[in-house]
Amino acid sequence: LSLSDCCCPEYLATMVSLIRQRWDSNQETAGAAVVRFTVRRDGRIDAVGVDRTSGYIALDQSARRAILLTRELPPLPSLFTEESLTVRLTFEYRR
């Protein structure tokens, strides 16, 4: 996720921080999973899916679970004029 390419980097930083609080990065293997999800105007998260698998089900599920446990974010900022924001977030696991 590139924070500099968006109109509202503070919002994205808050989003990443909230998700990171619910993410268990301590796994027994290394890898990276990319999870895609949509943030609705009111902050609800939906359409959560793995865009690029790590090759390990446990890592993919851990990344997806972090998004699902977050459930809701602050409403999208008024500077962001679209009705929803699709995000692809990379979860990197290191041993």
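1. Two strands are taken to pair if DSSP finds at least two bridges between them. On that basis, this predicted model contains an open sheet of three strands, arranged in the order S2-S1-S3 with antiparallel pairing. Strand S2 covers residues 45–52 and strand S3 covers residues 84–93; these two stand at the edges, and because each has a single partner strand, one side of each is left without a neighbour in the sheet. From one strand to the next, the twist averages 25°.

2. Strand S1 spans residues 31–40 and is joined to S2 in the antiparallel sense over five bridges. Within this pairing, Arg-36 has Gly-49 of S2 as its bridge partner.

3. Two helices pack on the sheet. Helix H1, residues 9–20, touches S1 and S3, and its direction makes about 50° with that of S3. Helix H2, residues 57–70, touches S1, S2 and S3; the direction of H2 makes about 165° with that of S2.

4. Turning to charged side chains, the structure holds five salt bridges. One of them is formed by Asp-51 and Arg-36, with an N to O distance of 3.1 Å. This pair links distant parts of the chain, since Asp-51 belongs to strand S2 and Arg-36 to strand S1, 15 residues apart.

5. Asp-51 also meets Arg-88 in a salt bridge, at 2.7 Å from N to O. Asp-51 lies in strand S2 and Arg-88 in strand S3, so this contact ties together parts that are 37 residues apart in sequence.

6. A further salt bridge involves the side chains of Arg-94 and Glu-92, at 3.0 Å from N to O. Through shared partners, salt bridges join Arg-36, Asp-51 and Arg-88 into one network.

7. Glu-92 is partly exposed at 43%, whereas its salt-bridge partner Arg-94 is exposed, with a relative accessible area of 66%.

Methods
Residues numbered from 1 in each chain as written. Predicted model: local features only at pLDDT ≥ 70, side-chain atom pairs only at ≥ 80, totals over all residues. Heavy atoms only, no water. Helix = DSSP H or I, 4+ residues; strand = E, 2+ residues; numbered from the N terminus. Axes fitted to C-alpha atoms, helices over the stretch in contact; angles between N-to-C directions. Contact = heavy atoms within 4.5 Å. Salt bridge = Lys/Arg side-chain N within 4 Å of Asp/Glu carboxyl O. Buried < 20%, exposed > 50% of the residue type's maximum accessible area, 1.4 Å probe, protein only.
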